[in-house]
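Please keep the sequence and the model in view while reading.

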Amino acid sequence: MKRIGVFVCHCGTNIANTVHCDQVAEVAKDFPGVVYSCDYKYMCAEPGQQLIQDAVREHNLDGYVVAACSPRMHEPTFRKCAERAGLNPYMIEQVNIREQCSWVHADKEKGTEKSIDLLRMAVAKARKNEPLSSSTIPVTKRALVIGAGIAGIQTAIDIADNGFQVTLLDREHSIGGRMAQVDKTFPTLDCSACILTPKMVEAAQHPNIEMVTYAEVTAVDGFVGNFDVTIRKKARYVDFDKCTGCGACQEKCPKKVSSEFEMGLGPRKAIYVPFPQAVPNKPVIDAEHCRYLLDGKCGVCKKICPTEAVDYEQKDEVIVERYGSIVVATGFDQFDISKYEEYGAGRYPDVITGLHLERLMNASGPTAGKIKRPSDGKVPEKIVFIKCVGSRDEAKGRPYCSKACCMYVAKHATLIKEKMPQSKSYIFYMDVRTGGKSYEEFYKRTQEQYDGQYIRGRVSKIFQVGDKLIVRGEDSLIGRPVEIEADLVVLAAGMEPRADAVALARTLGISYDQHGWYTEAHPKLQPIETHTAGIYLAGVCQGPKDIPESVAQASAAAVKATGLLSKGELTSEAMIAECNEAVCAGCGLCISVCPYKAIEKKKVSERVHGQMKERVVAVVNPGLCQGCGACTVNCPSSAMNINGFTNEQILAEVDALCQR
Amino acid sequence: MGSIQLSNTVPDSDEFRALLKKEYESDLSLCYQCGKCSAGCPAAFAMENTVRQIIRMVQLGLTKEALTTYSIWVCASCETCSTRCPRHVEPAKVMEALRIEAKKAGLVADKRADLFNDLFLQSVSNHGRLHEVGLIMRYNLLSGQWFKDAMLAPSMMMQGKLKVLPESIKNKEAVAKIFKNVQKKRGGQK
């Protein structure tokens, strides 16, 4: 019979206030198998662990149970403690009498009773614990970065600089993302392209970076260290090896299309490079608008191309590549302002968003940097900004703060005053949130030096009178309704997850919140990791951020990814499924439910009545199995067991609870 | 102006806010005072306090001030505010709740509006629908402004807009039953 020790932790007063810890330790002495039991103020602290190690040696314990906080917090601590005491780390159990007892109960007697029950169960289980060991799996020393905005580019460069191969993938045909659309950046007003394009070029030319644009991830198999990623490279209809990027095709293409990059404010052609600094700077054909691809008529680009690079026969190409780690940096969509019908958004051409204004201010934009109204091309004088459009608005399903808008509105007001000194900006706000280095000072300057008129209140309605837009709001500080006759209204549209963020999350097997932002493994202590080992997050896909924050997270993700790649091999989980081949019927049900594709069939030979017979059984790949247990509950012959959570152990716990 | 003693007013009015939440499903703690309600209110021009300010009064525990403000009786219940509120506070419902509570507490600021409301409901409860002439005559008599809008009557009558005698609907008992049910539920007049 195994000799079990019990250690009850007070967690300061966290547990001791609601549970009689001494009583729990006393009762535990009578549990079958328990040879030693005590309580202590902080089991996780150095003296607490010393106490455990001493008790293991003194009482010759085979295993022990710690009644303390959540195993999520300290199971690794107590496993290591067991190792130092000379035990197999899997011979111990941790009972959570903090989150499950003291924090959720007010009655000390009931809290104590429940703690005793939980402990009794854990002791019964610990008696059936067996030593476990983990195996190792090799790591593919390559990383994949999905999304090539500023976050993705920074991650790729950092991984590449650390000496690892990295694939930088984007579904658009140029890298650069949202930052490429931005004119200037707060709080220093650097030109966005001037600081972004060197990074784009660096990424394109780095020997360790493979740039795959105009491509999408369609499937991900495998697990940490060895992801098999299926990538669909969309047909560009232009042979990049032949194309010199001369631009003749773009010039001659007769089909004009509204440019997505210019937010619909300017045209592009059906064969196009989205913006002058695009990387790669070679055109693609937009199959939805190309006259030749639609009707078989035209073909001008093919005729004009001096290097015969245009190839209408090109098809999508699907490749499968293996990566050790994945960084997701897919960014955001701008909130769809047409949901604000009271602002006439989508109906009035002069009610625009911040990104539209960025393009109107940009020297390479549709107006060559002159701010003109989309409706009639007039230069606006009175400009109204409305903040929190699609942010902090539960009625529109967006209760969160988009974080960057307060600063970008201040930036817009500053830049507009610089460009057009006769203009006047009115800014409707509810709160001004300028937490960030030099942000508050920037906002102050917008008011003091650039004449930004801040009005506290949310606008209720915008309507058109003549060529003016009447903006009606309340100045809530004076408590009276106010009206402004505006020439141009800029809605500080918030950020929302990409429309297909959830679909990608499902492909990758990572979790997301109710809005579609990807969820980090821990909001404070693991803000880069996802719940899926080997997949990390960078930039806005995890939640609204500005550029400096995205870059910081990108570099952090690169460190995490390279940390994984720099290991020669990974230690796999010890608590994984194991098949008892003697009872396995080979039905294969486990194979169909396994989310990690970790189970396969194999043939075994055995002697039955003097004859050799072949039989099919299931076999678990220890490198892939994550110990989720789906196979064990599904197995009709109880052949599948999770080591450390065997059917026998769980039944022992149930028995212990029933027999009290 | 003396300062408001928030350390008294706020805890003392907890009960009133709890009542608004329980009886009227109006949780005023949701309101973040953006003013979108007041900005779009078509009756705001006639209000001494905007809707947002009235909600703020309740948040700060100035219950009596909120109940006695004339503005709650100016509200036309058009519900523009409720439609646009980003926080689901439903200000129109709050105004209605305050009117009911003001009536219960005998703190009605606009006696005429209150009288008009009562007579309107009485007329509907009696006939199953509104009898305009009866309502106006009783209202003018009881509010002491005998000839208010009287000059409009001849031309409206000529165009057939006014009926002297009340017309009842087919099943006016059904409407009467609605009134009875509401009275039973509210335990009061309105």
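## Basis of the description

The model is predicted: local features need pLDDT of at least 70, side-chain atom pairs count only at pLDDT 80 or more, and totals for chains, interfaces and linings use all residues. Residues are numbered from 1 along each chain as its sequence is written, while chains are lettered from A and ligands numbered from 1 in the order in which they are written.

## The four-stranded sheet of chain A

In chain A, 4 strands form an open sheet in the order β2-β1-β3-β4, and the pairing is parallel. Strands (E, at least two residues) and helices (H or I, at least four) are DSSP runs numbered from the N terminus, and two strands pair if DSSP finds at least two bridges between them. The edge strands are β2 and β4 (92-96) of chain A, each of which pairs on one side only. From one strand to the next, the twist averages 15°.

Two helices pack on this sheet. Helix α1(A) touches β1, β2 and β3 of chain A, and its direction makes about 175° with that of β2(A). Helix α5 (residues 108-126) of chain A touches β1, β2, β3 and β4 of chain A, with its direction at about 155° to that of β3(A). For such angles, axes are lines fitted to C-alpha atoms, for helices over the stretch in contact, and the angles run from 0 to 180 degrees between N-to-C directions. A contact between two residues means that their C-beta atoms, placed from the backbone, lie within 7 Å.

## Strand β1 of chain A

Strand β1 (residues 4-9) of chain A has 6 of its 6 residues buried, so it is largely enclosed by the rest of the structure. A residue is buried if 20 or more other C-beta atoms lie within 10 Å of its own, exposed if 12 or fewer, and partly exposed in between, with C-beta atoms placed from the backbone. Both faces of β1(A) are covered: one side carries A:Ile4, A:Val6 and A:Val8, and the other A:Gly5, A:Phe7 and A:Cys9, all buried.

With strand β3 (residues 63-68) of chain A, β1(A) pairs in the parallel sense over 5 bridges, and A:Gly5 stands opposite A:Tyr64 in β3(A). With strand β2 (residues 34-40) of chain A, the parallel pairing of β1(A) extends over 6 bridges; here A:Cys9 stands opposite A:Tyr40 in β2(A). Together, β1(A), helix α1 (residues 21-28) of chain A and β2(A) make a right-handed β-α-β unit. Right-handed here means that, with the strands pointing away from the viewer, the path from the first strand over the helix to the second runs clockwise.

## The five-stranded sheet of chain A

Chain A also has an open sheet of 5 strands in the order β20-β27-β21-β22-β23, with parallel pairing. Its edges are β20 (351-353) and β23 (453-456) of chain A; each has a single partner strand, so one side of each is left without a neighbour in the sheet. Neighbouring strands of this sheet are turned by 25° against each other on average, direction ignored. Strand β22 (residues 424-429) of chain A pairs with β23(A) in the parallel sense over 4 bridges, and the bridge partner of A:Ile427 in β23(A) is A:Tyr454.

Helix α11 (residues 354-361) of chain A packs on the sheet, touching β20 and β27 (488-493) of chain A, and its direction makes about 85° with that of β20(A). Helix α12 (residues 405-419) of chain A lies across β21 (382-389), β22 and β27 of chain A, at about 170° to β21(A).

The secondary structure of chain B comprises 11 helices and 0 strands. Of its 190 residues, 28% count as buried. The domain assignment, which is automatic or taken from a database, gives domain 1 (6-104) and domain 2 (111-186) of chain B. The C-alpha centres of these domains of chain B lie 28 Å apart.

Between the chains, 17 residues of chain B are in contact with 17 residues of chain A. On the side of chain B that touches chain A, the elements giving two or more residues are α3 (36-40) and α4 (51-60) of chain B, and α3(B) gives the most, with 4 residues.
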